[in-house]
Amino acid sequence: MTATTRLGDLVSILGGGTPSRTRTDYYNGDIPWVTVKDLKDQLTLSSSQERITTLGLKNSASRLVPAGNVIVATRMAVGKAVRTLTDVAINQDLKAVMCGQRIDSRFLLFFFHSKASLLESKASGSTVKGILIEDLQELEIALPPLPEQRRIAAQLEQADRLRRTRRYALELTDTFLPAAFLELFGDSRANTKQWDSVTFGEVVIRGPQNGLYKPASAYGAGTPIVRIDAFYDGVVTELASLKRVRLSPHEIERFALTENDIVVNRVNSRPYLGKSALIPRLNEPTVFESNMMRTTLNTESANPTYVTHYLQTSFVKSQIQVLARDAVNQSSINQEDVKGLMLRLPPLPLQQRFASLVERAERLRATQREALRQAEHLFSSLLHRAFNEEGYP
């Protein structure tokens with residue numbers, strides 16, 4: 001087993017502070033002043049949401065951290081860490097870890113990433129949880145020679161760039177369909193392409209039908225059930241992860257979903273009221289719960305893929321907000337509200353063309369999600385290999 005060293009013997013750790021908020025001359029200066037809000041999903045940091053003046057720095061507990069050192073959150077987002085690319089000041093929720101001659105700052109950054117869960121588990125406090133400087137100092141690290149540290153850090157940086165590239169590619173793909181929808185069909189609210197206007201009820205041949213209510217004691221085994229946490233942005237996320245409920249054959253028959261049904265959330269907080277999803281091909285009988293409605297469309301006039309994407313538009317969402325009825329902790333719409341939603345209905349061949357685009361985009365998404373999964377696994381494996389108890393081989 002590789003010998004380990006107490007981190008406090010390798011680095012010095014400094015705290016930060018906040019200049020008085022009553023002094024306007026302490027803020028809007030030239031010095032980046034970093035808080036937890038600035039520690040996003042990134043490895044390096046060169047700017048901040050707020051800046052302070054030299055006077056503010058001098059008259060507070062904040063410290064100036066030279067470029068090339070590591071900042072770690074010890075309150076709020078405990079364990080998050082970045083490496084500074086420029087001189088910055090920090091507030092009291094952060095600690096600056098100043099590297100000595102025996103440890104490379106990039107290697108140290110990845111060490112903190114490997115210990116993020118451990119540090120989070122050490123956090124305590126009645127309101128805002130945090131850790132102490134001592135918690136950082138007492139961490140044990142296996143320390144290879146500096147050239148080896150730099151090689152390990154470079155390898156991890158390369159793996160991190162790969163996973164970020166994969167994430168970005170997936171994000172770009174996610175913007176394609178909304179852009180394609182707008183290009184093909186124009187602005188729904190203004191109806192710039194002058195499509196026929198119909199109500200949702202005019203293209204429905206079954207429903208809307210409210211779903212099935214069962215007490216918590218009925219859950220745990222049986223038939224898969226689609227709940228409101230099972231879909232987002234028109235898509236049912238993971239059929240394999242659906243909860244299961246014990247039902248009679250009659251209940252299964254009455255509430256069974258079929259491919260290309262559309263479910264619409266009828267009870268929720270206002271921001272999520274009316275969210276909908278297209279039901280994909282099902283491998284076994286699957287039902288839907290009571291806080292949503294199920295509809296089946298007349299496919300001779302309306303393509304289910306087109307209509308589902310149409311239901312995600314701001315035009316439909318604004319209609320739902322007008323119709324919503326507010327209770328103490330939630331809002332609701334009813335079947336007549338859904339049937340009365342105004343839709344723009346282009347010619348069916350154009351709807352089908354968009355559905356083909358969606359199918360191709362989903363295949364591309366699946367490929368990119370797998371590539372991202374592999375990149376994330378590679379990074380995690382390298383991180384574990386570098387900082388497990390035995391040290392990097």
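Is Glu-289 buried or exposed? Glu-289 is buried, at 10% relative accessibility. Here buried means under 20% relative accessible area, exposed over 50%, and partly exposed in between, with a 1.4 Å probe and protein chains only.

## Basis of the model

This is a predicted model: local features need pLDDT of at least 70, side-chain atom pairs count only at pLDDT 80 or more, and totals for chains, interfaces and linings use all residues. Residues are numbered from 1 along each chain as its sequence is written, and side-chain values use heavy atoms, with hydrogens and water left out.

## Largest pocket

The largest pocket has a volume of about 1,400 Å³. A pocket is an open set of points on a 1 Å grid over the protein atoms alone, with protein on both sides within 12 Å along at least five of seven lines; a cavity is a set where a 1.4 Å probe fits but cannot get out; lining residues have an atom within 4 Å of a point. Grid points are joined across faces, edges and corners, and a volume is the space filled by probe spheres set on the points.

The lining of this pocket counts 41 residues. Gly-234, Val-235, His-309, Val-358 and Glu-362 lie nearest the centre. Two or more lining residues come from each of helix H5 (146-185), strand S16 (234-236), helix H7 (304-310), helix H8 (314-323) and helix H10 (348-387). Helices (H or I, at least four residues) and strands (E, at least two) are DSSP runs, numbered from the N terminus. H10 gives the most, with 10 residues. The lining splits into 16 nonpolar, 13 polar and 12 charged residues. Ala, Val, Leu, Ile, Met, Phe, Trp, Tyr, Cys and Pro count as nonpolar, Asp, Glu, Lys and Arg as charged, and the others, Gly among them, as polar.

## Second largest pocket

The second largest pocket holds about 310 Å³ of space. Its lining has 20 residues, and Gly-79, Lys-80, Ala-81, His-113 and Ala-116 are the closest to its centre. Strand S8 (81-84), helix H3 (116-122), H5 and H10 each supply at least two lining residues. By class, the lining has nine nonpolar, four polar and seven charged residues.

## Cavities

There are two cavities of 30 Å³ or more. Val-264, Gly-274, Ser-276, Leu-311, Val-316, Ile-320, Val-338 and Leu-341 form its lining. Six of these are nonpolar, two are polar and none is charged.

The second largest cavity has a volume of about 30 Å³. Leu-43, Thr-44, Arg-83, Arg-106, Leu-109, Phe-110 and Glu-157 line it. Helix H2 (residues 105-114) gives the most to this lining, with three residues. Three lining residues are nonpolar, one is polar and three are charged.

## A three-stranded sheet

An open sheet of three strands runs in the order S19-S24-S23, with antiparallel pairing. Strand S19 (267-268) and strand S23 (325-326) are the edge strands, each pairing on one side only. Two strands pair if DSSP finds at least two bridges between them. S19 and strand S24 (residues 331-332) are joined by two bridges. Asn-268 has Ser-331 in S24 as its bridge partner.

## Salt bridges

The structure holds 28 salt bridges, each a side-chain nitrogen of Lys or Arg within 4 Å of a carboxyl oxygen of Asp or Glu. Arg-164 bridges to Asp-41, with the closest N and O atoms 3.8 Å apart. Arg-164 lies in H5 and Asp-41 in the loop between strand S3 (27-34) and strand S4 (44-45), so the pair ties together parts 123 residues apart in sequence. Arg-164 is partly exposed at 24%, while Asp-41 is exposed at 51%.

Arg-365 and Asp-174 meet at 2.7 Å, N to O. Arg-365 lies in H10 and Asp-174 in H5, so this pair ties together parts 191 residues apart in sequence. Arg-365 is buried at 12%; Asp-174 is partly exposed at 36%. The buried Glu-289 forms a salt bridge with Arg-227 (3.8 Å, N to O). Arg-227 is partly exposed at 22%.
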